[in-house]
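Subject: Structure for you to look at

Hello,

Here is the structure I said I would pass on. Please open it first; my notes on what was found follow below.

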2 protein chains.
Amino acid sequence: MGVVALAGGVGAAKLLRGLVRVVPPDELTIIGNVGDDVEIYGLHISPDLDIIMYTLAGIVDEWRGWGVTGDTFNCLETLAKLGFETWFKIGDRDMAVHIARTKMLRDGLRLSQVTSHLCRMLGVKARLIPATDDLLRTKIQSGDRTLDFQDYFVKRRTADNVTGVFFEGADKAEAAPGVLEAIRSADRVIICPSNPVLSIWPILSIQSIRRELEAFKRPIVGVSPIVGGKALKGPADRVMASLGFEASAYGVAKFYHGLLTHFVIDSVDWECKERIEELGVRVTATNTLMKSLEDSVRLAKTVMEAA
Amino acid sequence: MGVVALAGGVGAAKLLRGLVRVVPPDELTIIGNVGDDVEIYGLHISPDLDIIMYTLAGIVDEWRGWGVTGDTFNCLETLAKLGFETWFKIGDRDMAVHIARTKMLRDGLRLSQVTSHLCRMLGVKARLIPATDDLLRTKIQSGDRTLDFQDYFVKRRTADNVTGVFFEGADKAEAAPGVLEAIRSADRVIICPSNPVLSIWPILSIQSIRRELEAFKRPIVGVSPIVGGKALKGPADRVMASLGFEASAYGVAKFYHGLLTHFVIDSVDWECKERIEELGVRVTATNTLMKSLEDSVRLAKTVMEAA
């Protein structure tokens, strides 16, 4: 019983804000990516967990696509005056979450416990679990350079050609408490429209999670983050292409081959449908753009009806 | 050559903002109290260093008497929503200083190095040195209870009767680099109008500093923080009284007995003059209230002319 969603950042959050209106929140478990977690100013930042938390709490800055709506940036501005780098934009309210998380982690709580506390205090009813409490960091290879994820993603604005990706710590990382149980008892697993390589792969790189998904007998429904050969946001198309995957809905389905049973693609990608079905995946084509909350609800319904 | 000022918080800061206009800032070394330093949310806060830094940088919130002028409190408000105690008021710009300090300390810098960096970035030209880089914490005894300083001072609003004070770590604390040298080469030492027990005593509790001051052959000029038997701010009068000192300018002079050569008291306390002089201390009576910058400059001049 219940639904499990594998989630990256913004794209996932947009689907999830619809999903919590279609599925009773207490039946929804979100497994969030922590590969892009980063320590800045000694503070532990979990960008993907935060964007989901803020979105479901109704406090996300939708215009920016990150952070807390109406936030001020006085702390960050002062840090700049004090000589610190401020390429990672953190608002004052956002900063409080990082301060709180860091304090609780230093006090010995695990990231999953901290996340659960933060969600409860922010009024998030769905269950959000980081994929792992252990260290797992996405590293980007560009030729002979290795970049930390946020260096690649924010500081250098995804300008580098990605020639490889690996997940530091993945070989030792265990699924956070509740993750495997949630998958085991789920009616369906949803793979949100997140960057397959940079947001979902880190989750799948945890062996126990991948094994649990491979053994899963019920529907695994993906939503393509690539529409008309372009990523809706971020560098997914470029990264897929530079790693040798086709930058298309088909390429995403191929990336998830062996896991997906159903795939929701955008109507503009109807010409991919047949090739995806040849992978043994059932395809639903619909409008996957989520500009409004209504769009999110509509797409969430389609995802829930896809199997 | 040069002037050394022993300084607590607000009262000291008010004199110092005048002093930097009377003494060339590069000839002024301020030795700041760290007994009331506190860790909140895992961040290292040095309230006395901060109030001096903010005052000399021209960014202090004069109306509040602490923090940065025009600051917002969005981070703190969010921490409250996340279930954290927020009795210690920290604005968003103020928070940046604590984040920066903590990060630099964790990176292995000493508090004196961090303070020097922060002052430079904020444009503070006088030299501000924490009395010690070692742990030194003022503890308040009230009957059979022992309170951390900020618990007594901020959280419990100085409501407890102080029956004892001690300075954790004082026996092992060494003067921070530059402190003893500054005293040794100074023309005069000023003891700012800070709480003698809670702000100056922690500095004097460091043996090497006390010894250096006891051996000092030039003027040590104090300014009374008690006017007409009342502390201008804070609990100095009550604390003096409950510890058996007279809550008066005379009581303060007595507290500093053996160190002071000169003492600046308020004109309203003229009747104390003779008793203080009997302690072997020369007395100057003047208006010691510092409401405006001009007041501070005037008092600073008096202090510099007192010997």
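In helix 8 of chain B, the buried residues are B:P196, B:V197, B:L198, B:S199, B:I200, B:W201, B:P202, B:I203 and B:L204. That is nine of the nine residues in the helix (residues 196-204), so helix 8 of chain B is largely enclosed by the rest of the structure. Please bear in mind that this is a predicted model.

In chain A, helix 8 also covers residues 196-204, and A:S199 lies in it. Is A:S199 buried or exposed? A:S199 has 28 other C-beta atoms within 10 Å. The cut-off for calling a residue buried is 20 or more, so A:S199 counts as buried. Setting aside neighbours within four places in sequence, A:S199 is in contact with A:G8, A:G9, A:N33, A:D48 and A:S194. Between A:S199 and A:T115 there are 18 Å in space, C-alpha to C-alpha, and the two are 84 residues apart in sequence.

**Nonpolar core**

The largest nonpolar core has 211 residues. Those with the most contacts inside this core are A:A5, A:L16 and A:I52, together with B:A5, B:L16 and B:I52.

**How the two chains meet**

How many residues does each chain give to the contact? Chain A gives 24 residues and chain B gives 24 residues. On the side of chain A that touches chain B, at least two residues each come from helix 3 (74-81), helix 4 (92-106) and helix 5 (111-122) of chain A. Helix 4 of chain A supplies the largest share of that side, 10 residues. Sorted by class, this side of chain A has 12 nonpolar, six polar and six charged residues.

**Symmetry**

Chain A is superposed on chain B by a rotation of 180° with 0.0 Å of shift along the axis, at an RMSD of 0.0 Å. The two copies are therefore related as by a two-fold rotation axis. Both copies use the same surface, since 100% of the contact residues of chain A recur in chain B. Which residue of chain A comes closest to the rotation axis? A:D92 does, with its C-alpha at 3.1 Å.

Regards

Methods:
Residues numbered from 1 in each chain as written. Chains lettered and ligands numbered in written order. Predicted model: local features only at pLDDT ≥ 70, side-chain atom pairs only at ≥ 80, totals over all residues. Core = buried A, V, L, I, M, F, W, Y, C linked by C-beta atoms within 7 Å. Buried ≥ 20, exposed ≤ 12 C-beta atoms within 10 Å, placed from the backbone. Contact = placed C-beta atoms within 7 Å. Helix = DSSP H or I, 4+ residues; strand = E, 2+ residues; numbered from the N terminus. Nonpolar A, V, L, I, M, F, W, Y, C, P; charged D, E, K, R; others polar. Least-squares fit on C-alpha atoms with pLDDT ≥ 70 in both.
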